[in-house]
Amino acid sequence: LATIGALALSLAPATSAAKREVNIGAVFPMTGPVATYGQESVNGIKLALKKINKEGKITINLKVEDNKSEPQESANAVTKLIKSDGVDAIIGSVASSNTLAGAPIAQTNKVPLMTPASTNEKVTMTGDFISRTCFTDAFQGVVMAKFAYENLKKKKMAVIIDNSSDYSKGLSKVFKAKYQELGGKLVSDEDFAYIQKDTDFRSLLRKIKRTKPDAIFLPGYYTEVGLILKQARQMGMNMPFLGGDGWDSPTLQKLAGEAVSGNYISSHFAPDDKDPKVQAFVKEYKAAYGQQPGAMAALGYDGILVMADAITKAKSTKNVDIQNAILATKDFSGVTGTITIDSNRNAKKSAVVLETTPSGNIFNSKVNP
């Protein structure tokens with residue numbers, strides 16, 4: 001009996017250690033101009049958490065903070081999660097400007113911050129506690145430049161940027177460099193620009209129309225993109241527009257209507273991809289939320305699964321051990337592709353090219369890194 005008792009006591013700490021409980025902060029735009037990104041991301045995260053917590057290897061307590069689609073609110077949210085809530089790690093945000101505002105605070109406090117969706121190159125340059133599980137603009141910019149020049153055979157293009165967005169400016173820079181390297185011509189050495197929350201783009205579009213481009217690259221967010229597409233078509237500008245993952249929201253179709261037809265974007269996920277893992281996720285998401293998932297839902301889902309996998313494998317729940325485990329992620333099979341975190345804390349993974357239509361985006365092709 002003494003031997004059995006001693007054995008039970010020796011096993012108790014190990015059993016307790018096997019079940020880890022961690023507090024994860026989530027910073028997303030639940031309100032504001034890009035609210036659908038945050039709402040979809042959190043839906044995807046919560047769907048994955050049901051699976052994670054049910055499996056029982058770890059328990060994740062999620063604390064969601066709304067950054068209201070604003071950089072300063074993102075910084076405030078990260079500060080609150082670290083100082084008041086004492087989280088072990090943070091997932092978020094979406095728009096690169098918002099993530100860039102919060103990342104330095106996480107870095108200073110040495111709390112792991114992993115974005116599932118911010119693609120601007122500068123994000124992970126913030127420091128060694130900042131990582132991402134999505135591809136970068138350096139990749140999607142090249143993908144779309146090649147698609148425009150080689151697939152669509154467009155040799156003369158205009159570029160419209162959101163001058164208030166790090167995402168838009170960064171993606172534009174990569175696209176222009178690759179497009180010109182391939183032999184494409186730009187109608188102007190300078191970008192045509194607007195700022196977020198603009199609603200009337202007719203004057204800008206008239207200037208572009210006079211240059212007679214074959215196509216237009218528009219790396220913006222769906223809120224302004226939808227209006228630009230609609231106004232351009234009303235002005236008889238029927239050339240294709242191309243964009244990045246910032247277009248990927250069901251609200252784009254609501255804003256643009258028929259004007260969304262015949263355009264192309266790079267993104268992370270296509271719900272009509274025949275991959276069995278993708279189709280299983282789509283079925284699961286529809287059952288939970290009654291609608292088809294977009295890219296942000298899939299990215300949120302994958303992001304928290306990567307973080308949970310890392311926490312399970314980490315030496316302890318100390319910040320540095322969680323971060324080291326995140327950085328060791330290799331060949332993680334997600335619904336947005338196979339994820340490997342490289343030496344710069346970026347994810348090496350594939351992109352998809354989608355054609356936009358009034359009824360939703362249609363899978364065109366997959367491009368591997």
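Buried residues have under 20% relative accessible area and exposed ones over 50%, with partly exposed in between (1.4 Å probe, protein chains only). The model shown is predicted, so local features need pLDDT of at least 70 and side-chain atom pairs count only at pLDDT 80 or more, whereas totals for chains, interfaces and linings use all residues. Residues are numbered from 1 along each chain as its sequence is written, and side-chain values use heavy atoms, with hydrogens and water left out.

View 1. Asp 85, partly exposed with a relative accessible area of 31%, forms a salt bridge with Lys 80, the closest N and O atoms being 3.0 Å apart; a salt bridge is a side-chain nitrogen of Lys or Arg within 4 Å of a carboxyl oxygen of Asp or Glu. Lys 80 is also partly exposed, at 31% relative accessibility. A salt bridge of 3.9 Å, N to O, joins the side chains of Glu 65 and Lys 63, of which Glu 65 is buried at 14% and Lys 63 is partly exposed at 35%.

**View 2. The salt bridge between Asp 273 and Lys 366.** The closest N and O atoms of Asp 273 and Lys 366 are 3.2 Å apart in this salt bridge. Asp 273 lies in the loop between S11 and helix H11 (276-289) and Lys 366 in strand S16 (residues 360-367), so the pair ties together parts that are 93 residues apart in sequence; helices (H or I, at least four residues) and strands (E, at least two) are DSSP runs, numbered from the N terminus. Asp 273 is buried, with a relative accessible area of 11%, while Lys 366 is partly exposed at 41%. Elsewhere, salt bridges that share partners join Lys 63, Glu 65, Lys 80 and Asp 85 into one network, and the whole structure holds 9 salt bridges.

**View 3. Aromatic pairs.** The structure contains 13 aromatic pairs, a pair being rings of Phe, Tyr and Trp (its six-membered ring) whose centres lie within 6.5 Å, with planes under 30 degrees apart counted as stacked, over 60 as edge-to-face and the rest as tilted. The ring centres of Phe 147 and Tyr 264 are 5.1 Å apart and their planes stand at 55°, so this pair is tilted. Phe 147 belongs to helix H6 (residues 137-151) and Tyr 264 to strand S11 (residues 263-267), and the pair links distant parts of the chain, 117 residues apart. Phe 147 is buried, with a relative accessible area of 5%, and Tyr 264 is buried at 14%. For Tyr 194 and Phe 201 the centres are 5.4 Å apart and the planes at 85°, so that pair is edge-to-face; both residues are buried.

View 4. Glu 40, in helix H2 (residues 35-55), is buried yet has no salt bridge, the nearest side chain of opposite charge being that of Lys 254, 9.6 Å away; Lys and Arg count as positive and Asp and Glu as negative, while His and the chain ends are not counted. Not counting residues up to four places away in sequence, Glu 40 touches several residues, among them Pro 250, Tyr 285 and Gly 294, where contact means heavy atoms within 4.5 Å.
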